[in-house]
Amino acid sequence: MLEQILSSSNFNYLPRGLTAASMRQEVVSNNIANVNTPNFRKSNVEFEELLAKELYGEKAPEGKLQMFRTHDKHLPPKVIISRAEPSVVLDNTTMMRKDDNNVDIDIEMATLAKNQIYYNALATQLSGLPAADKAD
């Protein structure tokens, strides 16, 4: 029963977010491992922007109110046609060094720390326990 609820299209945002965070951890780790590899191009994971478009559509016109469900039995304000899934994208932007490697170790380490906090927040939310209770 719980698996059906978690896999329904109305609720599976947290598991997809965890998948994106796990994928991002692997991609950033690969970028860090190849920081000294000549001609290496870093990769990034795209998910949050795609999820925002899935949930809210294109930017709502300014001054317009967005519709929200206030009760489980209310119909959703729109039908979700596409599902956002995390994807790995190669970054061919500026090269940081003469060996054509575009990995900046400071940015990658900051991304790694940010992703860890993001993953922990999603896991805590998915487990249903408040963050203060998990520390005990």
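Val45 of strand β1 (43–46) stands opposite Val88 in β2, strands being DSSP runs of E of at least two residues and helices runs of H or I of at least four, both numbered from the N terminus. The model is predicted, so that local features need pLDDT of at least 70 and side-chain atom pairs count only at pLDDT 80 or more, whereas totals for chains, interfaces and linings use all residues. Residues are numbered from 1 along each chain as its sequence is written, and side-chain values use heavy atoms, with hydrogens and water left out.

β1 and β2 (residues 87–90) pair in the antiparallel sense over four bridges, pairing requiring at least two DSSP bridges between the strands. Ser43 and Val45 form the covered face of β1, and Asn44 and Glu46 the uncovered one. In a regular strand, side chains alternate between the two faces of the sheet.

The second largest pocket is lined by 15 residues, with Arg24, Val45, Glu48, Thr111 and Lys114 nearest its centre; a pocket is an open set of points on a 1 Å grid over the protein atoms alone where a 1.4 Å probe fits, with protein on both sides within 12 Å along at least five of seven lines, and lining residues have an atom within 4 Å of a point. α2, β1 and α4 (105–127) each supply at least two lining residues, and the largest share, six residues, comes from α4.

Arg16, found in helix α2 (residues 13–33), counts as buried at 5% relative accessibility, the cut-off for buried being under 20% relative accessible area with a 1.4 Å probe and protein chains only.

Conventions:
Buried < 20%, exposed > 50% of the residue type's maximum accessible area, 1.4 Å probe, protein only.
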